[in-house]
Amino acid sequence: MSRVRVLVGTRKGAFVLSSDGSRKRWEVSGPHFAGWEIYHVKGSPADPDRLYASQTSGWFGQVIQRSEDGGETWAPVGNEFGYDGTPGTHQWYDGTPHPWEFARVWHLEPSLDDPDTVYAGVEDAGLFRSTDGGQHWQELPGLREHRSAPSWQPGAGGMCLHTIILDPAEPGRMFAAISAAGAFRSDDAGQTWRPVNRGLRSEGIPDPAAEVGHCVHRIAMHPSRPSVLYMQKHWDVMRSDDAGESWHEVSGDLPTDFGFPIDVHAHEPDTVYVVPITSDSHHFPPEGRLRVYRSRTGGEEWEPLTKGLPQQHCYVNVLRDAMAVDSLEDCGIYFGTTGGQVYASADAGDTWEPIVRDLPAVLSVEVQTLR
Amino acid sequence: MIRVVLPAHLRTLARVDGEVELQITGPVTQCSVLDALEARYPMLRGTIRDHRSGKRRAFVRFFACQQDLSHEPPQAPLPDAVASGAEPYLIVGAMAGG
């Protein structure tokens with residue numbers, strides 16, 4: 001029988017939540033790396049027992065952990081993230097040039113077909129790759145060396161490369177997103193990059209339609225239709241039908257189009273999920289009601305999903321990497337909150353139940369479907 | 001034998017209990033102690049001092065014999081009591097945050 005494994009990164013450790021395909025009873029393992037911030041945990045599509053975790057600390061820096069047994073045991077691997085050559089500068093909050101400084105790994109994206117190859121998106125924004133299971137990391141400097149990079153500025157959470165998407169149909173095509181620089185695309189396996197932000201409008205920057213400077217929060221793709229991308233921006237839910245060449249807004253009838261995560265149903269490329277958040281100054285759901293919104297039309301028309309979610313006095317946030325879907329026949333949707341709840345829906349969002357209620361603040365959620 | 005006390009998170013990372021004992025050949029300095037520590041426990045590389053520059057991480061402190069040695073030159077000799085093993089060399093996570 002199929003099983004699912006939910007990989008949860010929190011402010012104070014990692015947790016592995018496991019269930020059979022019914023997704024009714026859950027085993028909870030953790031905290032792994034107790035007391036450390038776990039920004040992301042993700043498994044290799046090519047070997048689901050191979051997991052990578054980004055473990056960080058303001059005191060002791062970056063550690064990368066690797067598991068060969070689905071998260072039962074872990075071992076530290078390489079943690080040296082040195083920018084290629086002499087890194088230049090980006091803009092600091094006060095507008096002055098600021099040297100690139102490595103802070104942490106936000107996102108780990110294992111290769112689709114090689115368990116030993118994994119990409120890391122880091123703060124200050126850069127893309128690294130390991131081809132030996134995380135022992136050694138080399139920067140792919142083409143992104144950081146883009147001509148626009150000296151003008152990039154950090155968002156409130158730091159200048160992080162938080163989204164990496166590998167195109168399953170076009171070898172060498174990948175997408176990355178940086179707060180607050182925007183979306184970028186490579187067609188040569190990460191060697192060279194170009195901004196793909198046409199159609200985005202951000203009122204918080206001097207030129208709302210600038211080539212770069214947009215605070216992209218998350219991008220999602222359905223693997224069967226990789227030319228269609230969905231984006232949750234600082235404000236606005238956006239869609240591209242041409243692999244990022246242009247974007248148009250699909251916020252439609254959402255109660256607010258601010259938010260962080262966005263994801264796509266495993267079997268329905270036009271079914272999209274977001275979690276509307278009141279505003280950039282009120283990082284909690286509108287009216288204290290936690291609602292996931294689902295569009296079955298690829299955007300514009302959205303319906304609130306509330307059954308099993310708190311509908312009063314709820315003031316949590318859902319961060320950009322904290323939503324994921326499984327690929328069971330009845331697609332499961334999962335998200336974690338800054339209040340430490342991890343909610344699961346085994347029926348594509350119609351009803352929800354908490355798997356756990358009292359974890360540390362959740363930074364990331366990934367799901368593995370094990371057959 | 002040099003005695004080194006690690007902060008709890010680094011003991012967990014290195015999978016050690018209690019003090020670490022290191023044999024140092026040559027001058028006993030902060031640099032030589034940390035070099036020996038990282039050679040024995042490679043997973044500690046980068047967690048105490050920067051990989052490339054060798055600079056102490058901002059929220060890590062070095063104490064010994066009731067003194068804060070954090071700002072001493074890395075090549076300066078450590079106190080005799082540390083070199084003889086009478087006193088431990090303390091690597092401390094600074095009190096910061098919650």
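Two residues are in contact if their C-beta atoms, placed from the backbone, lie within 7 Å. Keep that in mind, everyone, and let's look at the model together.

It is a predicted model, where local features need pLDDT of at least 70, side-chain atom pairs count only at pLDDT 80 or more, and totals for chains, interfaces and linings use all residues. Residues are numbered from 1 along each chain as its sequence is written, while chains are lettered from A and ligands numbered from 1 in the order in which they are written.

Let's begin with chain A. Its secondary structure comes to 0 helices and 30 strands; here helices (H or I, at least four residues) and strands (E, at least two) are DSSP runs, numbered from the N terminus. The C-alpha atoms of chain A fill a box of roughly 50 × 45 × 40 Å along the principal axes. For 371 residues, a compact globule would have a radius of gyration near 21 Å, and the 19 Å of chain A agrees with that. That radius is taken over C-alpha atoms, and the globule rule is 2.2 Å times the number of residues to the power 0.38.

How much of chain A is buried? Buried residues make up 54% of its 371 residues. A residue is buried if 20 or more other C-beta atoms lie within 10 Å of its own, exposed if 12 or fewer, and partly exposed in between.

Now find Tyr334(A). Leaving aside neighbours within four places in sequence, its contacts include Val6(A), Val342(A) and Val365(A).

Next, where the chains meet: 13 residues of chain A are in contact with 14 residues of chain B. On the chain A side, strand E6 (residues 61-67) gives the most, with 3 residues.

Over to chain B, and helix H2 (residues 30-40). Which of its residues are buried? They are Gln30(B), Val33(B), Leu34(B) and Leu37(B). Seen down the axis of H2(B), these buried residues fall within an arc of 95°, so they line one face of the helix. The arc is that of the directions from the helix axis to the C-beta atoms. What do they pack against? Strands E1 (2-5), E2, E3 (60-64) and E5 (89-93) of chain B.

Last stop, Asp17(B), in the loop between helix H1 (8-14) and strand E2 (20-22) of chain B. Buried or exposed? Asp17(B) is exposed, because it has 7 other C-beta atoms within 10 Å. From Asp17(B) to Thr47(B) is 30 residues in sequence and 18 Å in space, C-alpha to C-alpha.
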